[in-house]
Amino acid sequence: MNICRNCGVELEETMTVCPLCRQAVDNSGIVSVPDTVGKQFIVYGKKMSPPEKKFTWEIISLILLSSIVAAIVIDCILNSNITWSEYPAAICLTVFSYISMFTFWQQRTTLQLAGGLTLSIILLFLFDLITDGINWSIKVGIPLIFAATFLAAILIKIIRHSKYKGINLIAYVFLGAAILCILIDGILYYYLRGIFHIDWSLLVAACTIPVVIVLFFVHFRMKKGRSLKKTFHI
């Protein structure tokens, strides 16, 4: 492993210019060190400690709670009732459910997703029941959350089992987003008109697929095994 003598960033064997300080790389401008030494000060993906997780959860929870209260107050002032504010409040409750599971329930990711899904369903059902009776939660909220969670679980499994973790990961995310848009379109259309039909999501998918193809092409044209961390020098 080569290290730039000027700024200390990790260099690849084929680099002629440091990507960080733009210093020309030659035999006098680099320092070769064993991989075991580099790993002592080049740390990727450092996990947060439990206190850090709890503090982050508290900050995000306060932001979500403030958003819910603000939306409901504005809605009540304008309409004298809770109408459109149900939907941003439902989104905030869903986000709260998942971050709570990932913060306090130290289990496998699939179990955490399942726990977040369960807690989200319960909170949305109760919130819908309190506001105007059982209406949108069963027909829209729960199907959307289930679809998003199912796609997230598939993406996580694909990413973990990918031999090469490079630009192909971005392609998988784009592909998952396109599929999620199709599901959202179909679920909303069914809720509003009683039939399953897709409309605007076809345009989203048509725009996304070429991007996915280009990303896969670039990935397989590049050096196999090149990771995103090395690609973007992070």
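# Reading rings, a helix and a pocket

Visitor: Is Y87 buried, partly exposed or exposed?
Guide: Y87 is partly exposed, because its relative accessible area is 40%. Buried means under 20%, exposed over 50%, and partly exposed in between (1.4 Å probe, protein chains only). W136 is buried, at 3%.

Visitor: What kind of model is this?
Guide: This is a predicted model; local features need pLDDT of at least 70, side-chain atom pairs count only at pLDDT 80 or more, and totals for chains, interfaces and linings use all residues. Residues are numbered from 1 along each chain as its sequence is written, and side-chain values use heavy atoms, with hydrogens and water left out.

Visitor: How many aromatic pairs are there?
Guide: A ring pair is described by the distance of the centres and the angle of the planes. Rings of Phe, Tyr and Trp (its six-membered ring) pair if their centres lie within 6.5 Å; planes under 30 degrees apart are stacked, over 60 edge-to-face, the rest tilted. The count here is 5. One of them joins W57 and F96: the centres are 6.0 Å apart and the planes at 40 degrees, so the pair is tilted. W57 is in helix α2 (residues 50-79) and F96 in helix α3, so the pair ties together parts 39 residues apart in sequence. Helices are DSSP runs (H or I, at least four residues), numbered from the N terminus.

Visitor: What about the rings of Y87 and W136?
Guide: Their centres are 5.9 Å apart and their planes at 55 degrees, so this pair is tilted. Y87 is in α3 and W136 in α5, so the pair ties together parts 49 residues apart in sequence.

Visitor: How far does helix α4 reach?
Guide: An expected span is 1.5 Å times one less than the number of residues. Helix α4 (residues 109-132) has 24 residues and reaches 34 Å from first C-alpha to last, close to the 34 Å expected. Its buried residues include L113, L117 and L124. They pack against α3 (86-104) and α5 (136-160); contact means heavy atoms within 4.5 Å.

Visitor: What lines the second largest pocket?
Guide: Rolling a probe the size of a water molecule over the atoms shows where empty space is left. On a 1 Å grid over the protein atoms alone, a pocket is an open set of points where a 1.4 Å probe fits, with protein on both sides within 12 Å along at least five of seven lines; lining residues have an atom within 4 Å of a point. This pocket has 17 lining residues; I91, T94, G141, L144 and I145 lie nearest its centre. The largest share, 8 residues, comes from α5.

Key. Helix = DSSP H or I, 4+ residues; strand = E, 2+ residues; numbered from the N terminus.
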